[in-house]
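I opened this entry to record what I looked up, one item at a time.

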Amino acid sequence: MTAAILTELDRSRIQRRTVGILSLGQVLGGIAFGATVSLGALLAADISGSDALSGLATASVTLGAALAAIPLARLAGLRGRRLALTAGNLLALVGIVVVIGAAAIRVFPLLLVGIIMIGMGNAGNLQSRFAATDLAQPQHRGRDLSVVVWATTIGGVAGPLLLGPGEQLGRAIGMPPHTGSYLFSLVAQIAAFALYLIALRPDPLLTSRTLPETGSFAAGIERVDRPVAARYAIFAIAGSHVTMASVMAMTPVHLSHMAMAGGTMAGGAMGGMDGMSMELDVTVLVGVTIAMHVAGMYGLSPVFGILADRWGRLRTVLLGQALLVASLCFAMIVGETTWGVMVALILLGLGWSAATVAGAALLTEASAPELRTRRQGRSDSLMSLSAAGGAVLAGVILQSFSYAGLAIAALIVVAAIVVLSPLGKR
């Protein structure tokens, strides 16, 4: 079959199949990541014997994603998406085994190594959204990317929901505390490994390089490089992510302080609602709030993908900034009430979704094919590193000022993204 015939007759079919495989892989891979995010701090505190060291678990999983983003992107550029995604899943598989082993022998540094490796596997999950654009038509690139992002919701929710059954299963077979749910993660990761290795054929990135530069699909192969727009896209993605991550990371702490403050949680016209929420265990309150935030992050990503295709990448990035501004205003003005925090976190997730989906589409189309995977890797690495740094700095700001002060600091990043937005047109 010639490249021209392949392009005309099979490209859409291959793309639909690729998006389906990538989405399923996101669900499976997200189970391990969701379990690590939920259990990492508990395992770290238990094995180290210090609550002060529990935060190293979150830092380690983020560090792992940052370290692996560029190497996996380079591997994709050289050998294709299938090998890169398979390598990411293999790293996560080994990481799960290391975490279970570290918990069994109670060695804290080894636990962090395992969590870092799971984070490296998550770098592969992040790369999946770019893989969805390799064969996508320009007018559907945002939509296809957003469908894969949306699939993250299922794995991200399933991982925490499996904690209870997993712990019961782990206790029944004599596993270390807080590691039972990793049995489900192990099975899911093996399935994802096999899925990419066997089913992701033909490789979307390698196939895209065989497409002719003439014909009805030629518009899908941009050869003009726009480095300024690409750099802006990277900045917008990283800035939106650090805004989201810093506020989200400190919200559980802020809610805990509100609960201890007692009557402070009741305020305004919604005081009755807040009074009832005071009776809830703070853990449940945090869980509900973060769940609503995650729903905002991923639940409407296909809508933002379609908007990015029809309304424009840059306009959708700016819509994301408007939603982030609304979120931060809620945090500043009514951030001392439970309902105010919940609304702020939902808007925070929605703003992140719009900005990162549209920003990823802008980065892809602003980069010549031979530069895309390299820039995509840099974007993911910078996104993870900025989130880690932002979370640390956010803790200092929250302690020194307040939740409102943190929101004001985050507004500076949002303002920079808006002010520099003309660069996205170049």
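I began with helix H3, residues 81-105, in this predicted model. H3 has 25 residues and reaches 36 Å from its first C-alpha to its last. That is close to the 36 Å expected at 1.5 Å a residue. Just after H3, I found Arg 106 with a positive phi of about 55 degrees.

Next I checked Ile 105, which lies in H3. Is Ile 105 buried or exposed? Ile 105 counts as exposed, because its relative accessibility is 55%, over the 50% cut-off. I also looked for its surface partners. Ile 105, Val 107, Leu 110 and Val 113 make a nonpolar surface patch of about 290 Å².

Then I moved to helix H6, residues 163-172, where Leu 169 is found. Leu 169 counts as partly exposed, at 35% relative accessibility. Which residues does Leu 169 touch, leaving out those up to four places away in sequence? I noted Leu 183 and Phe 184. I also looked up Ser 181, 12 residues from Leu 169 along the chain. Their C-alpha atoms are separated by 7.9 Å.

Tyr 298 and Trp 352 pair edge-to-face, 5.5 Å centre to centre, with 80 degrees between the planes. This pair links distant parts of the chain: Tyr 298 sits in helix H11 and Trp 352 in helix H14, 54 residues apart. Both Tyr 298 and Trp 352 are buried.

Phe 330 and Trp 339 also pair edge-to-face, at 6.4 Å centre to centre and 85 degrees between the planes. Phe 330 is partly exposed at 28% relative accessible area. Trp 339 counts as partly exposed too, at 23% relative accessibility.

Conventions:
Residues numbered from 1 in each chain as written. Predicted model: local features only at pLDDT ≥ 70, side-chain atom pairs only at ≥ 80, totals over all residues. Heavy atoms only, no water. Helix = DSSP H or I, 4+ residues; strand = E, 2+ residues; numbered from the N terminus. Expected span 1.5 Å × (residues − 1). Patch = residues over 30% accessible without salt bridge, like charges linked within 9 Å, V, L, I, M, F, W, Y side chains within 5 Å. Areas by Shrake-Rupley, 256 points an atom, 1.4 Å probe, with all protein chains shown as cover. Salt bridge = Lys/Arg side-chain N within 4 Å of Asp/Glu carboxyl O. Buried < 20%, exposed > 50% of the residue type's maximum accessible area, 1.4 Å probe, protein only. Contact = heavy atoms within 4.5 Å. Phe/Tyr/Trp six-rings, centres within 6.5 Å; stacked < 30°, edge-to-face > 60°.
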